[in-house]
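Here is a friendly walk through one protein model, with the cut-offs spelled out as they come up. Please have the viewer open alongside the text.

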Amino acid sequence: MKSLKSIKNWTLTKSLKNNNFSFKRNYVLRFVPSLLLTNAFKSISSWKNYKPTPLLKLDKLQKNIISSATAGNHGRSVAWGAKRLGLKCKIFVSQYVSDTRVKEIKKFGAEVIRVKGDYENSLNECKKLSKKNNWKIVQDVSTKDYKLVPQLTMAGYSIMIKEISKQTNQYITHIFLQAGVGGMAAGVVTGVAKYFKRIPKIIIVEPDRADCVLQSIKHNKLKKIKIKKESIMGGMSCNEMSYIPWQILKKTSNCCVSVSDRNIAKTVAMLKDKKLSKNSIIGGECSAPGIISLVGVCNDTKIKKIIELNENSNVLVIGCEGNADVKLYKQLLSKGRK
Ligand SMILES: Cc1ncc(COP(=O)(O)O)c(C=O)c1O
C-alpha cells in the first residue's frame, strides 16, 4: 500500500458552511429530552456484555495532518433486541442490502423481507404491511407523527458521548459525524448538549451521491434528493433526512461535507493495517468517510479556516461500523491494500 503521503491528494466533493448555526443546549434537548438520555445510559450500560466504545488515538494520522473511533446498523440491532426479548421480528431491506448483511440479521431469528427498489421503497412497504397486519414498527426515521422510537434510538447514540467524556478530560474541538437520515449525528449532538462542557464544531459527513443533509442545510428546508447511483457507504445512502435530526442539525452543524467512494477501500485498509494508529481498527465502509473528510478538510484551506481547524485542534471521528458486511469488508481490504 502507498504511504500516507497519498492522502495529500484526498479532496472533498462539496463543503458548505451552515449560515443558520446557533447551538443552544436547551433547544437540542427539547427534541430529545435529557431524561431519555439518562435512562438510555442507565439501561444500556446495565446490559450483559455491555462494553463502552473505546476511544482510540489515530496518532499516525495526526502526524500527517490528525481523532478517534467506535458499530451499528439499525435492522441488525432491532433483530438482536427482538431475540433478546423473545419477540417475532420482520426486517424490510432494499435490493441493495447485501446477502451477507441479510444473513447476519437472520442469525437473530428475524424474517427478512426483500423489497425491490431503494431504501425508501423498503420503508414504504414496511409501513404498508405493518398497518395491514397491525405490526409494531421499530423504525429509526422520525416524521412529524412518529417520534418516540427515533428519539430513543438517538438517546442510545448519545451514550457514545457519555462514554467518551469518561475516557478523556481533553476538550474536543471538532466532531466529524457520518449521516444517512441524520439520526446518529443528531443523537451524538444531544449527547454533546448534555455531557460536554464545551461545544465542539460539528461537521456532517455524507456520500456525495446521497447528500440530503447538505442539500437541506443549503436550502434551509427538508430536501428530498434523487440518488442516481448507490454509494458503497450503504448505511448512509439515504435520500431524505429524518424529521427530528433535521430540527437538531439545522441549528447545530457548523458545516456539511461530502466525499466520493474513491478512498473508502484505502481507508479501511489503513485502519486495519495500523497505518493511522498503533491499534489495528476494524472499520467498515461507513467508518471511513469521517477520516476521509478530516483529511479532505485539511487539504482545503478555505473550509479549514471556516471551521478553525489547526494544529491545536482535538478532533473526534466516530466510526460506527465494524466488519458488519464481512464479504464486502474483505473485498475493501484487498482493494485498499493494492
Ligand atoms: C454504520 C452506519 N453509519 C452511519 C449511519 C447513518 O446513520 P443515520 O441514518 O442515523 O444518519 C448508518 C445508518 O444505518 C450506519 O449503519
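Let us start inside the fold. The buried residues of α11 are covered by elements that include α12 and α14 (326–336). Three terms need their cut-offs here. Helices (H or I, at least four residues) and strands (E, at least two) are DSSP runs, numbered from the N terminus. A residue is buried if 20 or more other C-beta atoms lie within 10 Å of its own, exposed if 12 or fewer, and partly exposed in between, with C-beta atoms placed from the backbone. Two residues are in contact, the basis for packing and covering, if their C-beta atoms, placed from the backbone, lie within 7 Å.

As for the source, this is a predicted model, in which local features need pLDDT of at least 70 and side-chain atom pairs count only at pLDDT 80 or more, while totals for chains, interfaces and linings use all residues. Residues are numbered from 1 along each chain as its sequence is written.

Seven of the nine residues of α11 are buried, so α11 is largely enclosed by the rest of the structure. The buried set consists of Ile 264, Ala 265, Lys 266, Thr 267, Val 268, Met 270 and Leu 271. Just after α11, Lys 274 takes a positive phi of about 55 degrees.

Helix α12 (residues 289–298) is mostly covered, with 10 of its 10 residues buried. Among them are Pro 289, Gly 290, Ile 291 and Cys 298. The cover over α12 includes the strands β4 (174–178), β5 (201–207), β6 (255–259) and β7 (315–317), along with the helices α11 (264–272) and α13 (301–306).

Helix α6 (residues 119–133) has 15 residues and reaches 21 Å from its first C-alpha to its last, close to the 21 Å expected at 1.5 Å a residue. That expected span is 1.5 Å times one less than the number of residues. Which residues of α6 are buried? They are Tyr 119, Ser 122 and Cys 126. Seen down the axis of α6, the buried residues fall within an arc of 60 degrees, so they line one face of the helix; the arc is that of the directions from the helix axis to the C-beta atoms. An α-helix has 3.6 residues a turn, so residues three or four places apart point the same way.

The buried residues of α6 pack against β2 (90–94) and β3 (111–115). Turned away from the buried side is a face that carries the exposed residues Lys 128, Lys 131 and Lys 132. Just after α6, Asn 134 takes a positive phi of about 60 degrees.

**Around the ligand**

How many residues surround the ligand? There are 17, and the closest are Gly 180, Gly 183, Gly 235, Cys 286 and Glu 321. The shell divides into eight nonpolar, eight polar and one charged residue. Here Ala, Val, Leu, Ile, Met, Phe, Trp, Tyr, Cys and Pro count as nonpolar, Asp, Glu, Lys and Arg as charged, and the others, Gly among them, as polar.

**Some single residues**

The table gathers the neighbour counts of a few residues.

| Residue | Other C-beta atoms within 10 Å | Class |
|---|---|---|
| Asn 49 | 4 C-beta atoms | exposed |
| Asn 312 | 7 C-beta atoms | exposed |

Asn 49 is found in the loop between α2 (34–44) and α3 (59–64), and has a positive phi of about 70 degrees although it is not a glycine. Glu 308 lies in the loop between α13 and β7; phi of Glu 308 is near 55 degrees, a positive value in a residue other than glycine. Asn 312 is also placed in the loop between α13 and β7. Asn 312 and Gly 75 are 237 residues apart in sequence and 39 Å apart in space, C-alpha to C-alpha. Lys 218 sits in helix α9 (residues 212–219), and its C-alpha is 9.6 Å from that of Lys 250, 32 residues apart in sequence.

**The whole chain**

The secondary structure comes to 14 helices and seven strands. The radius of gyration of the chain is 19 Å, close to the 20 Å that the globule rule gives for 338 residues, so the chain is as compact as a globular protein of that length. This radius is taken over C-alpha atoms, and the globule rule is 2.2 Å times the number of residues to the power 0.38. Buried residues make up 46% of the 338 residues.

How values were computed
A residue is near a molecule or strand if its C-beta atom, placed from the backbone, lies within 6 Å of it.
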